[in-house]
Amino acid sequence: MQFFPIGLRVLLTFVFVAAGGAKLFGASMMVETFDAIGWGQWFRYVTAIVELGAAAMLWVPVLSILGGSMLFATMVCGALFHLFVIGPSAVPALVLAMLSLTLLWVDRTKLQLLMVRLGFG
């Protein structure tokens, strides 16, 4: 059972480092996607930094729950943008949201550790 969370963490890290890197370095598909959103390219950079930072947080035990939450929220927003603004398919974003949510469930006991570190427990 220990392989499952590590494998999921590796998969999510790989996907979000690749996606964040493509956004950060201006891959033409990413530039076009964020042009279609209409908020400007600054939003592409913010999204890239969130994805890269959250992917790194997945490997820090006390921050993994925060990283997973950020990835989940990013993919829910991505799915909404695909559904209502840019199309054509929100399925990849929804799959990544569900994988992030699965990791959050696996790491749910770390929430208490984070709360204690933040002074809430």
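Student: Why is R9 called buried?

Tutor: Buried means under 20% relative accessible area, exposed over 50%, and partly exposed in between, with a 1.4 Å probe and protein chains only. R9 has a relative accessible area of 7%, and therefore counts as buried. The model is a predicted one, in which local features need pLDDT of at least 70 and side-chain atom pairs count only at pLDDT 80 or more, while totals for chains, interfaces and linings use all residues. Residues are numbered from 1 along each chain as its sequence is written, and side-chain values use heavy atoms, with hydrogens and water left out.

Student: Where does R9 lie, and what does R9 touch?

Tutor: R9 lies in helix 1; helices (H or I, at least four residues) and strands (E, at least two) are DSSP runs, numbered from the N terminus. Residues up to four places away in sequence aside, R9 is in contact (heavy atoms within 4.5 Å) with L58, W59, S64, L103, D107 and K110.

Student: How many helices and strands are there in the chain?

Tutor: The chain has 6 helices and 0 strands.

Student: How do you know that the length of helix 3 agrees with expectation?

Tutor: The expected span is 1.5 Å times one less than the number of residues. Helix 3 (residues 42-57) has 16 residues and should therefore span 22 Å; its end C-alpha atoms are 23 Å apart, which agrees.

Student: Which residues of helix 3 are buried, and what puts them on the same side?

Tutor: The buried residues are F43, R44, T47, A48, E51, A54 and A55. They cover an arc of only 145° around the axis, which puts them on the same side of helix 3; the arc is that of the directions from the helix axis to the C-beta atoms. W42 and I49, on the other side of helix 3, are exposed. As a general rule, an α-helix has 3.6 residues a turn, so residues three or four places apart point the same way.

Student: What makes a set of residues a nonpolar core?

Tutor: The members are buried Ala, Val, Leu, Ile, Met, Phe, Trp, Tyr and Cys residues joined through side-chain atoms within 4.5 Å. The largest such core has 14 residues, of which L12, F16, L58, L71, M75, L96 and L103 touch the most other members. Helix 1 (3-24), helix 3, helix 4 (64-86) and helix 5 (91-106) each supply at least two residues of this core, and helix 5 gives the most, with 4 residues. Leaving aside neighbours within four places in sequence, L71 is in contact with F16, E51, A54, A55, L58 and S100.

Student: Which side chains make polar contacts with Q41?

Tutor: A polar contact is a pair of N or O atoms within 3.5 Å; within protein, one must be able to donate a hydrogen and the other to accept it, and residues adjacent in sequence count only if both atoms are side-chain atoms. The side chain of Q41 has such a contact with the side chain of D35 at 2.9 Å, and another with the side chain of R44 at 2.4 Å. Q41 itself lies in the loop between helix 2 (28-37) and helix 3.

Student: How do you know that the radius of gyration of the chain agrees with a compact globule?

Tutor: The radius is taken over C-alpha atoms, and the globule rule is 2.2 Å times the number of residues to the power 0.38. With 121 residues, the rule gives a value near 14 Å; the chain has 15 Å, which agrees.
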